[in-house]
Amino acid sequence: MHDLRSDTVTRPTPEMRAAMAAAEVGDDVLGEDPTVRALEEQGAERLGKQAALFVPSGTMGNQICLGALTRPGDEIVAEAESHALYNEVGSAARLWGCQIRPVPGVRGAMPVEAVERALRGDDIHYPRTGLISIEQTHNYSGGSVVPLETVDALTALARRRGLPVHVDGARLFHAEVASGVPAARWVRDVELTSICLSKGLGAPVGSLVVGSAERIAVCRKLRKALGGGMRQAGVIAAAGLLALRDGTARLADDHARARALALELADLPGARIDPAAVQTNIVVLHVEREAHELQDAFARRGVLCLALDAGRLRFVLHRDVGDEAVHAVAAAARSELS
Ligand code: TLP
């Protein structure tokens with residue numbers, strides 16, 4: 001089976017397992033786990049911020065950011081197909097009493113004029129706009145990089161309007177590798193960022209929330225409230241350290257394979273993809289045949305992928321799939337779509 005459902009499916013490398021077995025640990029809720037502390041320090045440094053917090057998942061990372069930056073009744077402006085809106089079980093509402101105002105993006109990038117129009121004035125009927133959230137790279141639009149000019153325009157707008165900004169940087173390092181612009185620059189003017197160690201970087205578990213020391217102290221308390229305070233978490237942070245150190249070095253291979261796959265899929269009847277739009281490790285194919293049905297048909301041909309909805313199939317490149325997976329997808333697609 002070639003598993004391209006997600007870059008979350010990677011297994012820890014032998015080096016990670018060895019580091020996990022040997023990790024020095026302590027009680028992290030008491031701030032005494034040296035491996036977790038090292039991971040938090042190195043994560044903060046990579047993003048040019050004062051502090052970081054190790055959390056179990058990207059979803060918890062995002063939700064802690066939303067909770068730290070809003071108050072109940074607020075509206076959060078986010079892209080219409082963002083993970084926070086689509087795939088976090090309504091948690092902005094469940095946990096923080098916030099609603100999300102969807103702004104459709106162009107390849108995941110919310111136009112700054114549209115965001116400005118979405119910000120609420122002080123009419124008595126309106127909620128307060130509390131936060132702007134940006135997803136980098138943007139998953140459902142096919143791993144596209146939200147351009148730096150857009151990020152800068154959105155953070156400038158937020159500053160003018162006294163609003164904080166959150167970046168869901170589950171795949172921020174893919175943007176770094178695709179653009180050559182360092183991750184720290186991408187989030188320079190952002191209050192809180194969450195990054196995932198367990199996607200393209202290849203750790204088995206874990207994410208980091210990164211920001212100022214003051215905000216991370218607030219996040220630490222929210223993590224505890226959500227039951228995310230982990231004890232001897234150095235056992236998993238040890239793999240996270242290797243993911244952070246080594247994980248970005250091979251992302252360019254995933255990007256190249258994603259482009260190669262997009263080119264293979266580009267001319268098939270019954271499907272549509274713009275290969276030029278494939279900038280990182282995700283390929284989203286628009287299909288005429290029902291996508292869940294196709295997902296099952298691909299699985300019968302040894303290829304696992306994910307139907308995003310009735311009309312889209314997603315293939316994600318990652319460390320545990322190589323060129324042979326690209327050929328297998330192309331062969332399955334030729335059989336099922338032609
Ligand atoms: N995304 C998963 C699924 O939930 C769709 C995937 O396979 O891509 N932000 C972004 C942009 C994400 O893509 C994801 C995971 C998360 C946050 C949440 O991370 P986890 O799964 O660690 O909670």
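This is a predicted model: local features need pLDDT of at least 70, side-chain atom pairs count only at pLDDT 80 or more; totals for chains, interfaces and linings use all residues.
Reader: Let us start with α3. What span should its twelve residues have, and what is the distance between its end C-alpha atoms?

Author: Helix α3 covers residues 58–69, and at 1.5 Å a residue it should span 16 Å. Its end C-alpha atoms are 17 Å apart, which agrees with that expectation.

Reader: Is α3 mostly covered or mostly exposed?

Author: It is mostly covered, since ten of the twelve residues of α3 are buried. Among them are M60, I64, C65, L66 and L69, together with the glycines G58, G61 and G67.

Reader: At what angle do α3 and α10 pack?

Author: Helix α10 comprises residues 213–225, and the two helices pack at an angle of about 120 degrees. Their axes are 9 Å apart, and the crossing of α3 and α10 is right-handed.

Reader: Which residues make that contact?

Author: From α3 the contact uses M60, I64, G67, A68 and L69. From α10 it uses R215, V218, C219, L222 and R223.

Reader: And by class, how many are nonpolar, polar and charged?

Author: The contact of α3 with α10 has seven nonpolar residues, one polar residue and two charged ones.

Reader: Turning to the strands, where does β7 stand: buried or exposed?

Author: Strand β7 spans residues 192–196, and five of its five residues are buried, so it is largely enclosed by the rest of the structure.

Reader: Which residues lie on each side of β7?

Author: L192, S194 and C196 are on one side, while T193 and I195 are on the other. Both faces are covered, as these residues are all buried.

Reader: How many bridges join β6 to β7, and do they run parallel or antiparallel?

Author: Four bridges join β6, residues 165–169, to β7, and these strands run parallel. H166 has L192 of β7 as its bridge partner.

Reader: And how many bridges join β7 to β8?

Author: Five bridges join β7 to β8, which is residues 207–211, and this pair runs antiparallel. Here T193 is bridged to V210 of β8.

Reader: What is the order of the strands in the open sheet?

Author: Four strands form that sheet, in the order β9-β10-β13-β12, with antiparallel pairing. β9 (271–272) and β12 (306–309) stand at the edges, each with a single partner strand, so one side of each is left without a neighbour in the sheet.

Reader: How many bridges join β10 to β13?

Author: There are five bridges between β10, residues 282–287, and β13, residues 312–316. V283 has F315 of β13 as its bridge partner.

Reader: Which helix lies across β10 and β13?

Author: Helix α12, residues 251–265, lies across both strands and runs at about 15 degrees to β10.

Reader: A change of topic: where is T10 found?

Author: T10 is found in the loop between β1 (2–3) and α1 (14–22). It is buried, with a relative accessible area of 6%.

Reader: What does T10 touch?

Author: Leaving aside residues up to four places away in sequence, T10 touches K199, G202, A203, H318, R319 and D320.

Reader: Finally, in which helix does H327 lie?

Author: H327 lies in α14, which covers residues 323–337. H327 is partly exposed, because its relative accessible area is 48%, and the cut-off for exposed is over 50%. H327 and P204 are 123 residues apart in sequence, and their C-alpha atoms are 27 Å apart in space.

Technical notes
Residues are numbered from 1 along each chain as its sequence is written. Side-chain values use heavy atoms; hydrogens and water are left out. Buried means under 20% relative accessible area, exposed over 50%, partly exposed in between (1.4 Å probe, protein chains only). The expected span of a helix is 1.5 Å times one less than its number of residues. Axes are lines fitted to C-alpha atoms, for helices over the stretch in contact, and angles run from 0 to 180 degrees between N-to-C directions. A crossing is left-handed if the near helix is turned anticlockwise from the far one by less than a right angle, and right-handed if clockwise. Contact means heavy atoms within 4.5 Å. Ala, Val, Leu, Ile, Met, Phe, Trp, Tyr, Cys and Pro count as nonpolar, Asp, Glu, Lys and Arg as charged, and the others, Gly among them, as polar. Two strands pair if DSSP finds at least two bridges between them.
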